[in-house]
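User: I'm new to this one and would like a walk through it, a piece at a time. Could you show it to me before we start?

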Amino acid sequence: ESSRIAVSIGTTLDRFIKNNQDQFAYASGELSQLLRDIALASKVVNREVNKAGLIDIMGAVGSQNTAGDDQQKLDVLANIRFTRALTKGGEAGALVSEEMDSFIDLSNDGKYVIAIDPLDGSSNIDVNVSIGTIFSVYRRKSPVGTPIQEEDVLQTGDEQVAAGYVLYGSSTMLVYTTGHGVNGFTYEPTLGEYFLSHPDMRMPMDGKIYSVNEGSANSFSEPMKAYLQYCKDQRYTARYIGSLVADFHRNMLKGGIYIYPATAKDPKGKLRLIYECNALAFVAEQAGGAATNGRERILSLTPETLHQRTAFYVGSQKMVEKAGEMEEAS
Ligand code: P6P
């Protein structure tokens with residue numbers, strides 16, 4: 001049972017971080033500063049996301065990222081904002097981002113490696129659907145002051161010291177864990193502060209919501225087709241926003257399972273292990289949920305490459321277990 005940390009509704013994020021600093025790994029203050037730097041960047045991105053329709057930053061910018069997705073201008077802007085905040089903050093020694101082909105060695109004394117998807121679900125920007133930032137924090141393995149090594153950026157999810165997401169939705173929320181449970185903060189833009197609104201978040205052990213893009217169902221594996229049929233036989237509700245952070249957050253609060261399985265188009269799954277699945281898997285497990293690739297625990301997977309993809313089953317423990325049983329039975 002992870003030790004519950006000091007919480008009181010209405011605490012600001014800054015106060016919360018300060019009150020619980022001794023709970024963080026290596027209680028040295030750097031991780032606290034890192035979390036503040038991430039929160040700061042999210043405030044800047046939030047302002048731009050909320051104005052997306054007003055200033056000419058809509059639509060694709062013409063370039064593509066490693067995933068081959070058209071880079072929407074906000075994608076590029078968000079990457080710049082987070083990269084700049086984390087570089088200036090000085091606590092990050094290296095950055096891995098969906099928007100950058102290789103990792104960036106910041107050549108400083110930063111003890112941490114940040115893996116980030118600065119703006120996930122950006123195809124939803126133009127249609128005003130919620131989008132999100134996903135981040136993951138590791139302690140670098142190689143000595144500070146030496147060049148960043150592959151071992152620093154290809155760590156298993158279990159090595160994370162912090163992870164979380166920002167959801168730019170009807171309200172903007174920052175949800176994160178440092179391995180002592182999960183806490184959610186809601187942003188008050190007129191004050192520029194995040195306030196603790198969801199202390200000690202727990203994902204319901206079971207649920208009745210499944211989030212899958214059934215448009216790809218013809219190419220699902222037999223066990224995946226069987227699980228989908230099981231959900232229908234149980235009269236579960238289908239909810240698929242097409243924005244991972246939004247679907248994940250709803251399941252965190254209401255219970256449910258999000259699945260992006262292997263498909264013909266993405267035989268290894270579409271989502272990225274290092275800066276999407278590991279972060280959300282850490283949050284899910286810390287809230288009592290589960291995350292697998294259908295068979296194995298996400299946080300145990302050893303990454304081989306920076307942008308590698310994985311099938312992703314995440315949500316209420318009993319739902320992920322059931323889907324896994326059907327995989328095993330195949
Ligand atoms: P599909 C958005 O591009 C994203 O990375 C996730 O946010 C979302 O859940 C998924 O891909 C949607 O993919 O293939 O269902 O459109």
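Predicted model: local features only at pLDDT ≥ 70, side-chain atom pairs only at ≥ 80, totals over all residues.

User: Okay, which residues surround the ligand?

Analyst: Those with a heavy atom within 4 Å of it count, and they are Asp120, Gly121, Asn213, Tyr240, Gly242, Ser243, Leu244, Tyr258, Tyr260, Lys270 and Leu271.

User: And how far is a polar side-chain atom of Asp120 from an oxygen atom of the ligand?

Analyst: The distance is 2.5 Å for Asp120, where a polar contact is a pair of N or O atoms within 3.5 Å. Tyr258 also has a polar side-chain atom 2.7 Å from a ligand oxygen, and for Lys270 the corresponding distance is 3.0 Å.

User: How much of the ligand's accessible area does the protein cover?

Analyst: On its own the ligand has 400 Å² of accessible area, and the protein covers 81% of that, with areas from the Shrake-Rupley method and a 1.4 Å probe.

User: Switching to the open sheet, what is the strand order?

Analyst: Its 5 strands run in the order 12-11-13-17-15, with mixed pairing; strands here are DSSP E runs of at least two residues, helices are H or I runs of at least four, and both are numbered from the N terminus. Two strands pair if DSSP finds at least two bridges between them. Strand 12 (237–238) and strand 15 (290–292) are the edges, each pairing on one side only.

User: How do strand 13 and strand 17 pair?

Analyst: Strand 13 (residues 257–260) and strand 17 (residues 312–315) are antiparallel over 4 bridges, and Tyr260, which is also among the residues surrounding the ligand, stands opposite Phe312 in strand 17.

User: Last topic: is strand 7 buried or exposed?

Analyst: Strand 7 (residues 160–168) is mostly covered, with 9 of its 9 residues buried, meaning under 20% relative accessible area, whereas exposed means over 50% and partly exposed lies in between (1.4 Å probe, protein chains only).

User: Which strands does strand 7 pair with?

Analyst: Strand 6 (residues 131–139) runs antiparallel to strand 7 and is joined to it by 8 bridges, with Tyr165 in strand 7 as the bridge partner of Ile134. Strand 8 (residues 172–177) is likewise antiparallel to strand 7, over 6 bridges, and a hairpin of 3 residues joins strand 7 to strand 8.

Technical notes:
Residues numbered from 1 in each chain as written. Heavy atoms only, no water. Polar contact = N/O pair within 3.5 Å; in protein donor to acceptor, adjacent residues only side chain to side chain.
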